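Q: Hi! I've just loaded this one and would like to talk through its side-chain contacts. Could you put it up for both of us?

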Amino acid sequence: MTNKKSVVSKLVFLVVVLTLISCCFLGSTFARYTSGGTGSATMSVAKWNVKNTNDSISVNFSELSPNKEAYVGGDSFKGEFARTKSTAKTLAATIKNEGAVDALVTLTVEGETLTNALTDDWGSYSEEAIKGMFDVKFYTNTTENAEGATLYGEPVNVPKSNGVLYIYVEVTWTSDDETVFGPTADARDTWVGENITSVGYEISYTAVQNS
């Protein structure tokens with residue numbers, strides 16, 4: 001009987017010990033310190049600000065005149081004798097990049113306009129034929145220097161942070177072509193001088209990110 005009590009006492013003691021041990025493990029599981037929080041991350045967007053500094057992009061050449069030299073092409077048109085006269089390079093617009101990234105600027109000439117003092121009367125000529133006498137080229141430079149400007153071909157990179165693209169335009173008056181030359185070309189030049197008061201062009205541009 002005494003032995004049974006001793007065994008029971010030992011079993012009870014063992015259960016108590018195991019219980020205490022398990023409580024220690026459970027306590028460490030449920031009482032572990034934890035912490036957390038919330039926050040935010042932001043990234044600024046590079047500024048895009050490319051604009052024409054003029055109210056519009058246009059150039060009007062009202063002081064055009066033909067080549068003053070006499071025709072020397074003989075009885076038929078020969079390209080090497082064609083008479084032409086070009087204006088000086090004229091500043092048409094400035095495109096400024098005030099953004100935080102480089103911009104690739106593409107230029108196009110929208111259309112040619114003639115101001116005809118006779119309104120719709122083109123005499124023995126057509127409007128398209130008269131327009132064909134004039135050719136426009138435009139030049140670009142990233143500094144304000146007409147002489148150093150280069151003939152526009154490929155889109156131009158305008159640097160970020162106040163880079164500027166200067167656009168210059170030059171117009172050429174061609175007196176002679178394959179069908180009109182000699183005295184006939186002189187007469188056409190005279191008609192244009194008497195009736196066409198101006199030749200104008202509209203220029204547009206597009207800009208895309210380049211960095």
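Q: Let's start with W122: buried or exposed?
A: In this predicted model, W122 has a relative accessibility of 12%. That puts W122 in the buried class, because the cut-off for buried is under 20%.

Q: And how many aromatic pairs does the structure hold?
A: There are 4 aromatic pairs. In one of them, the ring centres of W122 and W191 are 6.1 Å apart, and with 35 degrees between the planes the pair counts as tilted.

Q: Where do W122 and W191 lie?
A: W122 is in the loop between β5 (103-116) and α2, while W191 belongs to helix α3. The pair therefore ties together parts that are 69 residues apart in sequence. W191 is buried too, at 12% relative accessibility.

Q: Which residues do ring pairs link into a cluster?
A: W122, Y125 and W191.

Q: What about F138 and Y152, how is that pair arranged?
A: Those two rings are stacked, with 5.2 Å from centre to centre and 10 degrees between the planes. F138 sits in strand β6 (residues 134-141), and Y152 in the loop between β7 (150-151) and β8 (156-158), 14 residues apart. Both F138 and Y152 are buried.

Q: Staying with rings, what sits over Y139?
A: The charged end of K89, 4.3 Å from the centre of the Y139 ring.

Q: Nice. Switching to salt bridges, how many are there?
A: Searching the whole structure gives 6. One of them joins R83 and D186, whose closest N and O atoms are 2.9 Å apart. This pair links distant parts of the chain: R83 is in the loop between β2 (58-61) and β3 (84-86), D186 is in helix α3 (residues 183-195), and 103 residues separate them.

Q: How accessible are R83 and D186?
A: R83 is buried, with a relative accessible area of 5%, whereas D186 is partly exposed at 33%.

Q: Which helix holds E127 and K131?
A: Both are in helix α2 (residues 127-131), 4 residues apart, or about one turn of the helix. E127 counts as partly exposed at 31% relative accessibility, but K131 counts as buried at 17%.

Key. Residues numbered from 1 in each chain as written. Predicted model: local features only at pLDDT ≥ 70, side-chain atom pairs only at ≥ 80, totals over all residues. Heavy atoms only, no water. Salt bridge = Lys/Arg side-chain N within 4 Å of Asp/Glu carboxyl O. Helix = DSSP H or I, 4+ residues; strand = E, 2+ residues; numbered from the N terminus. Buried < 20%, exposed > 50% of the residue type's maximum accessible area, 1.4 Å probe, protein only. Phe/Tyr/Trp six-rings, centres within 6.5 Å; stacked < 30°, edge-to-face > 60°. Lys NZ or Arg CZ within 6 Å of the ring centre and 35° of its normal.
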